[in-house]
Each structure stands twice: as C-alpha cells, then as structure tokens.
Amino acid sequence: MKVGIVGRIGGTVNASSQDISASIQNFIQCLINEGIEPIIESQTALNFLPNVDIQNYYILELSTKVDMIVVFGGDGTMLDVVRSVVYEGIPVIGVNHGRVGFITVLGHDECLSDIVQMLKNRHYTIQPRTLINHDVQTSSPRPALNEIVINRIDGRIIEFNVFLNNVFAFASR
C-alpha cells in the first residue's frame, strides 16, 4: 500500500507548524515500520520535512501514485486536496490540525500508530460524498465538496439561477 501525505496550516507555514511537522514525521515513521510506503506532496516536503530524503510529488501527480491520501491540516486544506484529486477517485482522510474540523474527522491527538493499523488492515469504510459542480460565467465548472459561497463584488444585487442535474430549479436575487 502507498499512502500520500499532504500537510498545511492556513495554507502556509506558521507557529503551529511544529505540531504538524511532528505529526507528519511520526506518521511517516509508523507507516515505514508497518511496511507501508509514504509518498509526500512536494509543498508538504518543503514546508515540514526540508531535511528528509523521501519521495515527493506535486498533488496531481501524487494522486496517481497512491492508494489513499492522508491530509494533515484543517478543513480548508482538506477541501483544497479533495478539489485537486476529485476525479482520480482516491480516498482522502483528514487529521485535524485546524480550528473547525467538520471534514477532517480525526483529531491530531489520535494515536497515529492506530491510524496506520487501520490503513494496513484496511479496517475502514469509504464514505462517498456528494459533490456540487458550480459554473461561474468567468470560469469552467468546478467541483465543490462542502459549500458554495456567492459574494457580490461591486455592491449590486446578485442574480443567479440554480440548476439541479442540468434542470432549472429556481432563480434568486
């Protein structure tokens, strides 16, 4: 089994970086001890493991080389990773190092060796999530996992149409 590892806090390295760095290093060691190959996302390697010689790839390439991705960070990091790998069908699990933790289901204080055993023995259930595709006139359709936020930019009233399965549902302003 190959497990991808992605870690971020607030999208950048900050004061909490020592906690996440320690968690990632401990997790990697637990994986290696159990014969599971860790593969790190490039930015994670740069931010949290600068002196560790380990295989690393950019997120899109990483998703083609692993069986599962474990995300260390908050819900924002989880959403970023899911958005990047959504079409690869790779299971993603989150270890919460953020503030909210609605999507990153495991606490960072969970025993990392127990998580590794769960992965090794495949004692987990994959829960498919519903994705929302949103199409803004200025961009191509993009998937959303949790929510879509619509903001006005110039103070004018927002008008929009909602379609469900390509069928018009309602208009709103």
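Helix H4 gives the largest share of the lining of the largest cavity, three residues. Helices here are DSSP runs of H or I with at least four residues and strands are runs of E with at least two, numbered from the N terminus. The model is predicted, so local features need pLDDT of at least 70 and side-chain atom pairs count only at pLDDT 80 or more, while totals for chains, interfaces and linings use all residues. Residues are numbered from 1 along each chain as its sequence is written, and side-chain values use heavy atoms, with hydrogens and water left out.

Rolling a probe the size of a water molecule over the atoms shows where empty space is left. A cavity is a set of points, on a 1 Å grid over the protein atoms alone, where a 1.4 Å probe fits but cannot get out, and its lining residues have an atom within 4 Å of a point. Grid points are joined across faces, edges and corners, and the volume is the space filled by probe spheres set on the points. One cavity of 30 Å³ or more was counted, and the largest cavity holds about 50 Å³ of space. Its lining is made up of Leu-79, Val-82, Arg-83, Val-86, Leu-131, Pro-143, Ala-144 and Leu-145. Helix H4 (75-85) and strand E8 (142-144) each supply at least two of the lining residues. Sorted by class, the lining has seven nonpolar residues, no polar ones and one charged; here Ala, Val, Leu, Ile, Met, Phe, Trp, Tyr, Cys and Pro count as nonpolar, Asp, Glu, Lys and Arg as charged, and the others, Gly among them, as polar.

Arg-83, one of the lining residues, also forms a salt bridge with Asp-80, with the closest N and O atoms 2.8 Å apart. A salt bridge needs a side-chain nitrogen of Lys or Arg within 4 Å of a carboxyl oxygen of Asp or Glu. Asp-80 and Arg-83 are three residues apart in helix H4, so about one helical turn separates them. Arg-83 is partly exposed at 34% relative accessibility, as is Asp-80 at 41%; partly exposed lies between buried (under 20% relative accessible area) and exposed (over 50%), with a 1.4 Å probe and protein chains only.

The structure holds two salt bridges. In the other, the side chains of Lys-120 and Glu-34 meet at 2.8 Å, N to O. Lys-120 lies in helix H5 (residues 112-120) and Glu-34 in the loop between helix H1 (17-33) and strand E2 (37-41), so this pair ties together parts that are 86 residues apart in sequence.

Definitions and conventions: 1 Å grid on protein atoms, 1.4 Å probe; cavity = no way out; pocket = protein on both sides within 12 Å on 5 of 7 lines; lining within 4 Å.
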